[in-house]
Amino acid sequence: MEKMARVTTALGGNTLTGRTMYCHLDAPANAISVCRDAAQVVVAGRNIFKIYAIEEEQFVEKLNLRVGRKPSLNFSCADVVWHQMDENLLATAATNGVVVTWNLGKPSRNKQDQLFTEHKRTVNKVCFHPTEAYMLLSGSQDGYMKCFDLRKKDSVSTFSGQSESVRDVQFSIRDYFTFAATFENGNVQLWDIRRPDRYERMFTAHNGPVFCCDWHPEDRGWLATGGRDKMVKVWDMNTNRAKEIYCVQSIASVARVKWRPECKHHLATCSMMVDHNIYVWDVRRPYIPSAMFEEHRDVTTGIVWRHLHDPYFLLSGSKDSTLYQHIFKDASQPIERANPEGLCYGLFGDLAFAAKESLVTADSNRKPYPGDRRHPIFFKRKLDPTEQFESVSSSALSVFETEPDSSSMGWFVDTARRYALAGRSLAELCDHNAKVAKELSRNQVAQTWTMLRIIYCSPGTMPSANLNHSIGKGSASLPLMNSFNLKDMASGMGSEARLDWSKGENRSENILLDSSATLITNDENEETEGSDVPADYLLGDVEGDEDELYLMDHENAHTEEPEYVLPQEAFPLRHEIVDNPSGPDHLQDKADSPHVSGNEAETVSLTPVESFSLISISHTLYESRLPPDFFSALVRDMLRFYAEQGDVQMAVSVLIVLGERIRKEIDEQTQEHWYTSYIDLLQRFRLWNISNQVIKLSTCRAITCLNQASTTLHVNCSNCKRPMSNKGWICDRCRQCASTCAVCHHVVKGLFVWCQGCSHGGHLQHILKWLESSTQCPAGCGHLCEYT
Amino acid sequence: MIVADAENCAGIQGYIAYAKCSGAGAAEILQQGPEAFEHQLGLEVLASGRPDNVMLVMGLHPDYLNSFWKMQGLLLRVDGPLPCPWRHYIAIMASARHQCSYLISFHMTEFLQVGGDPEWLLGIHRVPQKLRNLNEINKLLAHRPWLVTKEHIEALLTTGEHSWSLAELIQAVVLLTHYHSLASFVFGCGILPEGDPEGNPALQVPLPSSGQSSPPNGDPLGSSGGFDAVREVEALMERMKILQECQLQEEAASQEEMESRFELEKSESLLVAPTSDILELTPSPDVLCFVEDPTFGYEDFTRRGTQTPPTFRAQDYTWEDHGYSLIQRLYPEGGQLLDEKFQVVYTLTYNTIAMHSGVDTSMLRRAIWNYIHCVFGIRYDDYDYGEVNQLLERSLKVYIKTVACYPEKTTKRMYSHFWRHFRHSEKVHVNLLLLEARMQAALLYALRAITRYMT
């Protein structure tokens with residue numbers, strides 16, 4: 001407690017001092033209200049009705065208004081209010097529907113003054129007129145509001161809201177005759193006190209009950225409402241239609257809302273359930289409360305600012321049977337704990353970054369990276385000198401654009417469109433996809449597809465002779481893809497060469513190469529390299545140098561794109577290289593050089609080796625009769641590699657194409673993750689059909705059920721324009737067939753196109769033809785239909 | 001002609017079917033008119049296959065059926081925290097507390113259809129511990145919901161191998177209360193299982209009404225007490241009028257008076273317990289296997305001489321403010337649909353009483369609703385319980401109390417004895433009020449315990 005601040009405010013001769021303090025009540029409080037002089041507070045609840053004096057260090061009980069032997073239900077208060085003109089006058093609303101007024105000036109112990117038993121149900125709220133001494137308003141569960149004149153025994157007028165349950169009533173502070181009432185059905189009504197027959201205005205403010213409302217103390221047109229839908233809304237009532245100008249989303253239903261004195265945009269809220277804190281919001285900043293009081297251990301039921309013109313003292317009562325005085329200095333400020341930076345990655349590789357302005361300006365003198373297209377945009381808010389918590393109100397947004405030509409995602413879209421994922425034999429699919437990849441200059445991917453075909457297609461369907469043949473012919477796809485293989489093969493033959501390689505820079509290519517290398521070495525130098533080679537390789541190189549690898553690949557993609565297209569002249573060299581396996585040294589030289597510079601000439605020179613190696617692979621493979629799942633570990637690692645690299649497209653496509661052959665190797669969760677990422681990407685690029693195809697082809701249960709959600713298509717009957725709830729095409733209201741063509745007036749069987757605006761439609765061809773010449777609906781309804 | 005229509009619809013079984021045979025009041029069975037009935041059933045129920053008898057009887061009040069159907073669909077079919085077989089099993093557990101074999105057999109089939117382990121149907125001892133942990137709260141909610149405390153909730157939620165998550169628990173609690181009260185409805189309306197479509201004889205259930213009561217034709221419904229019954233209706237109308245006038249006259253009873261009226265009503269509900277001449281049913285073993293502690297039953301909220309638990313003040317924990325907010329947080333769609341359902345049933349009226357129309361029945365409906373809550377110990381500060389005494393005749397109170405607290409003891413005689421001149425649809429209306437008021441009462445107790453656990 002010593003740490004807590006002590007605050008003194010001078011208010012026109014009236015000085016408020018105090019600290020954060022609390023006192024125990026005997027029972028849970030339902031409502032509190034404060035006396036005009038800010039020195040006393042009244043607490044009311046089911047079993048409590050007391051007045052406390054607010055002293056400097058503590059609350060002191062001054063008066064217990066619950067007198068009598070057998071406490072009557074009239075004391076069971078749902079609400080209490082202290083008159084702001086007369087400090088002896090109090091009113092309470094009882095749960096049994098009675099409105100009671102209390103006169104503290106009475107000499108006797110029982111201060112009860114008047115009893116109004118006009119409401120049939122619980123009274124939820126009472127409210128004194130801010131300037132009129134004798135006028136009291138009540139709102140009850142029975143749907144009525146009553147206005148009492150304290151000089152008379154009965155109510156002066158009764159207002160019927162024509163709906164269930166009035167939850168709150170509040171006199172407007174400036175408009176003498178106006179009051180607002182909120183209802184359980186979400187409506188807010190404005191009444192003129194002189195006209196009990198009809199409300200002046202009504203609008204729906206919330207979804208579900210509106211628990212509370214509060215007029216802005218300064219700005220006459222503003223009304224804040226809080227509802228069960230967890231929203232606080234601020235309405236501008238000056239215009240003809242009530243206009244929502246601010247909306248704050250809280251985390252629990254809002255039980256009370258109170259504007260903060262002297263701060264135009266601040267209001268305090270507490271919630272009805274679950275959440276015990278009191279929040280003070282700046283309505284212009286609806287996502288994070290500007291201050292928060294966390295003292296209560298059960299729901300806060302009543303909040304009130306201690307003085308009409310003092311923004312630093314807040315009193316609150318709670319179901320945990322405590323009464324608190326909160327001091328603003330001791331409030332916790334969630335903003336301090338919040339992360340003020342935001343980062344978002346755009347579809348086409350753009351990156352947006354928002355942060356405090358101070359942070360960004362601090363390093364703005366740093367030299368920008370080459371290629372960094374940074375466009376800092378600064379948002380600055382005008383500082384309001386009256387705001388206390390406005391320290392972080394300006395931020396900077398930086399957008400980093402990628403160079404338009406370098407990494408456009410065109411390849412992704414093209415690949416997604418052109419890949420074949422099902423419907424043909426595995427070999428054909430692989431070939432097709434390899435071709436697609438090659439045409440998009442993604443040679444590594446293309447090669448992977450070829451490798452897959454070789455690995456998974458049984459010798460029967462793809463005899464080696466055939467393979468040979470295609471190579472010999474120099475068919476468009478194969479030799480090219482194998483250009484990397486070549487290197488592998490080469491390195492695989494000579495173990496020294498291979499070792500050198502794995503240390504080289506061009507890791508990304510190595511993976512594939514190595515896999516093929518192992519194939520061969522398996523055969524030829526089993527003793528030395530054995531089956532542990534792939535594992536060794538993958539662990540040592542790929543995972544260790546991931547970053548480097550990624551970078552390299554990236555660069556390659558940009559710089560060498562044109563060079564990957566291999567000219568067919570490479571073939572003449574073949575003879576020369578066929579001899580190479582016998583002389584590893586010779587090859588080593590060759591293999592090394594291309595990787596230093598990664599340039600066209602070298603790759604070209606290597607190509608023939610590759611084609612040779614392919615042949616040798618197929619031969620060795622089939623001769624040794626490897627079990628079909630021999631390579632699955634390898635393929636699995638390959639998929640992982642692609643996914644980690646960010647090319648989830650490849651991972652998913654291979655997964656789908658290979659299907660059962662590889663599915664068991666990868667755990668469900670990873671698969672699901674890949675699928676969802678890929679589908680998400682596809683949908684962001686609006687490739688709906690492809691994303692649907694992927695969903696359909698996926699074997700993951702979690703993915704396939706994506707297509708089973710919200711499968712209903714809602715249609716309107718074209719005659720009566722109302723929703724067709726029936727199955728089939730007969731509208732059950734007008735008993736007519738709803739699917740007639742608006743052009744030829746025949747029933748449409750088959751493809752039916754219709755306008756979502758006017759529900760008319762017809763044969764696809766007819767409508768198309770019609771809309772070529774006219775923009776209006778063929779049914780003559782005047783709707784401007786569009787066909788896109 | 002309407003009767004013929006009704007018969008074509010499907011064999012509505014139970015008391016209402018008897019009424020049809022007796023020929024009296026049959027025309028009102030479908031007071032909504034056959035189109036409305038057909039329309040409603042056609043849309044909502046027939047879409048799902050063969051309508052069951054519960055739906056047929058509820059179809060007398062299509063508005064309600066609509067929201068009931070949505071809620072039940074959400075509970076059983078729509079994605080939620082609990083797996084589908086579990087939901088049906090919880091339904092079985094809940095129905096078993098009231099030995100409602102109609103619901104049990106229905107959900108046993110469903111359970112198997114959604115891929116439940118047939119092993120579980122052998123009995124409660126075959127199911128996972130986690131599900132078995134629900135037994136205690138099931139028992140309390142079914143019979144003495146006021147005993148549910150935050151410790152029960154805590155025991156279910158504390159981390160461990162078999163612990164429940166809060167969202168799962170909420171769905172389970174809604175399911176349990178839903179099926180407890182649906183059992184009330186089934187017994188209250190005397191609904192029998194549907195016959196096999198092939199025409200095989202329907203399963204015989206130990207329903208008291210089916211066996212022992214007088215033959216349907218000699219039903220007192222139409223013939224015997226005709227004149228008396230008319231007089232009763234008139235008297236009720238008269239009393240409502242007087243009460244309404246009373247209110248206008250502001251002749252307010254003192255608070256003490258009100259307090260004692262509530263206590264009186266509460267203790268009087270002791271006396272309206274069904275007479276003991278009804279033989280104690282011995283539940284069949286195929287029901288018993290889903291029940292633990294089968295002897296635990298409703299015990300009067302106020303027993304003379306024992307410590308009574310404190311009265312639940314309705315204003316301190318209301319459905320609209322607190323219950324809804326809590327459910328909304330953990331089971332959003334559920335909260336919404338429940339709210340709708342309570343609202344529909346609370347405002348449902350055709351402004352008719354027996355042969356009179358254009359009557360404001362809100363007072364009568366509120367009396368029934370509050371009486372049911374009173375039986376479960378919930379008190380409304382702003383209600384004068386003297387009204388209950390005025391408006392609800394003794395036979396109706398007996399019926400309400402029986403159906404709400406020990407529905408398995410309901411007899412057809414009770415059904416036919418109250419409101420003898422009222423239409424069947426009106427009696428079904430009472431049952432709907434019963435169903436919802438009971439469900440809300442139990443839910444309020446359970447949710448209050450959960451709230452206390454959370455704070």
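A:S441 sits in the loop between helix 4 (426-439) and helix 5 (443-456) of chain A. Helices (H or I, at least four residues) and strands (E, at least two) are DSSP runs, numbered from the N terminus. This is a predicted model: local features need pLDDT of at least 70, side-chain atom pairs count only at pLDDT 80 or more, and totals for chains, interfaces and linings use all residues. Residues are numbered from 1 along each chain as its sequence is written, chains are lettered from A and ligands numbered from 1 in the order in which they are written, and side-chain values use heavy atoms, with hydrogens and water left out.

A:S441 is not a glycine, yet its phi is positive, about 65°. Most residues other than glycine have a negative phi. A:S441 is partly exposed, with a relative accessible area of 25%. The cut-offs are under 20% for buried, over 50% for exposed, and partly exposed in between (1.4 Å probe, protein chains only).

A:R686 also has a positive phi, about 60°, and is not a glycine. Its place is the loop between helix 20 (668-684) and helix 21 (688-697) of chain A. A:R686 is exposed, with a relative accessible area of 64%.

A:A44 belongs to strand 5 (residues 40-44) of chain A. Its relative accessibility is 0%, so A:A44 counts as buried. Beyond neighbours within four places in sequence, A:A44 is in contact (heavy atoms within 4.5 Å) with A:A29, A:N30, A:A31, A:F49, A:C77 and A:V80. A:A44 and A:A93 are 49 residues apart in sequence, and their C-alpha atoms are 9.7 Å apart.

**Chain B overall**

Chain B has 22 helices and four strands. Of its 455 residues, 57% count as buried. Among contacts in chain B with a separation of 6 or more, 76% join residues 24 or more positions apart.

**Cores**

A nonpolar core is a set of buried Ala, Val, Leu, Ile, Met, Phe, Trp, Tyr and Cys residues joined through side-chain atoms within 4.5 Å. The largest holds 152 residues; B:M58, B:Y89, B:L131, B:L134, B:W164, B:F185 and B:L392 touch the most other members. Helix 22 (residues 424-454) of chain B gives the largest share of this core, 17 residues. A second, separate core of 52 residues includes A:I455, A:F641, A:L655 and A:I666.

Setting aside residues up to four places away in sequence, B:L392 touches B:L364, B:A367, B:I368, B:Y371, B:K397 and B:I400.

**Helix packing in chain B**

Two helices pack against helix 11 (residues 166-189) of chain B, as tabulated. Axes are lines fitted to C-alpha atoms, for helices over the stretch in contact, and angles run from 0 to 180 degrees between N-to-C directions.

| Helix of chain B | Axes come within | Crossing angle |
|---|---|---|
| Helix 9 (residues 135-143) | 10 Å | roughly 40° |
| Helix 5 (residues 62-76) | 11 Å | roughly 135° |

Helix 5 of chain B is therefore oblique to helix 11 of chain B. Helix 9 of chain B and helix 11 of chain B are oblique to each other too. Angles under 35 degrees count as roughly parallel, over 145 as roughly antiparallel, 65 to 115 as roughly perpendicular and the rest as oblique.

Helix 9 of chain B uses B:I137, B:N138, B:L141 and B:A142 against B:V173, B:L176, B:T177 and B:H180 of helix 11 of chain B.
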